[in-house]
Amino acid sequence: MSFTPLRFEANDGSAVDRQHGIEIFESRTLPTGKPGETEYQFGVYQGENRFGFGCNGTQQVAHDGDRTQRTFVLDLGQDTTLDWALKLKGWLAFPGDDLSFLWGLADGLIKTYQDRTDNYDEDVRYEVVIAKDALQRHGMAAPQGATQESDGQILVAAIDIPMHPLSGVQS
C-alpha cells in the first residue's frame, strides 16, 4: 500500500499539510521544573478534530563576533513524548510507517516558526532531535544518512531564521 508522506508548508504561525488536512500551530511555551528546560505545547488540527502535542526542549546561545545565534532544541526522544506522537499518528489516521510520521511531524513542528520576524537582535535556529536509543526502544532504527551527534541524538529537522533587524527605527 502506498501513502503520501507528510509535507508541511509554513503558513504564518502554523504549518499545513494539505494532502492530509493537518495544521500545526506555533507552540505555547512554559517552563518545566528543570532549570534551562522549556515545555512546548502545539495545537494539531485535522478538520474538526483537535489534538495537542507537547515535548520538552532546551535553548543554547552562541556568539560569533557581533552576531548571536539562539538555538531552540525540541526533544522528541523521551519515551512519553514518542508514545504520544505515535498515538497522534493513530488519531490522525496516518497510513505510513512510524518513522516517516515522526520525521514529518518534526518538520511540521519547526515550520510553525519559519515565518518568525521578531528576532531583531539575533539569528534563530530551531532543531528537533530524537535519541537513537529511544527510537530503538520503540522498534525503530534511525534512517540511513541521519545526522547523529556524539551524544546519540539524531538531528531530525532544523530551520534557520536570520535576524530581522529593525529598519527605519529612530532612537
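How many helices and strands does the protein chain have?

## Secondary structure and overall form

In this predicted model, the protein chain contains three helices and nine strands. Their order along the sequence is β-β-β-β-β-β-α-α-β-α-β-β. The radius of gyration is 17 Å, close to the 16 Å given by the globule rule for 171 residues, so the protein chain is as compact as a globular protein of that length.

Taken along the principal axes, the box filled by the C-alpha atoms is roughly 60 × 40 × 35 Å. Of the contacts in the protein chain between residues at least 6 apart in sequence, 55% join residues at least 24 apart.

## Burial, surface and charge

Of the 171 residues in the protein chain, 42% are buried. The accessible surface amounts to about 9500 Å², and carbon and sulfur atoms account for 45% of that surface.

The protein chain carries 14 positive and 26 negative charges.

## Helix 2

Helix 2 comprises residues 98-111. At 1.5 Å a residue, its 14 residues should span 20 Å, and the end C-alpha atoms are 20 Å apart, which agrees with that expectation.

Because 10 of its 14 residues are buried, helix 2 is largely enclosed by the rest of the structure. The buried residues of helix 2 are Leu99, Phe101, Leu102, Gly104, Leu105, Ala106, Gly108, Leu109, Ile110 and Lys111; burial here refers to a relative accessible area under 20%.

Terms used. Residues are numbered from 1 along each chain as its sequence is written. This is a predicted model: local features need pLDDT of at least 70, side-chain atom pairs count only at pLDDT 80 or more; totals for chains, interfaces and linings use all residues. Side-chain values use heavy atoms; hydrogens and water are left out. Helices (H or I, at least four residues) and strands (E, at least two) are DSSP runs, numbered from the N terminus. The radius of gyration is taken over C-alpha atoms; the globule rule is 2.2 Å times the number of residues to the power 0.38. Buried means under 20% relative accessible area, exposed over 50%, partly exposed in between (1.4 Å probe, protein chains only). Contact means heavy atoms within 4.5 Å. Accessible areas come from the Shrake-Rupley method with a 1.4 Å probe; for residues, only the protein chains shown count as cover. Lys and Arg count as positive and Asp and Glu as negative; His and the chain ends are not counted. The place of a charge is taken as NZ of Lys, CZ of Arg, CG of Asp or CD of Glu. The expected span of a helix is 1.5 Å times one less than its number of residues.
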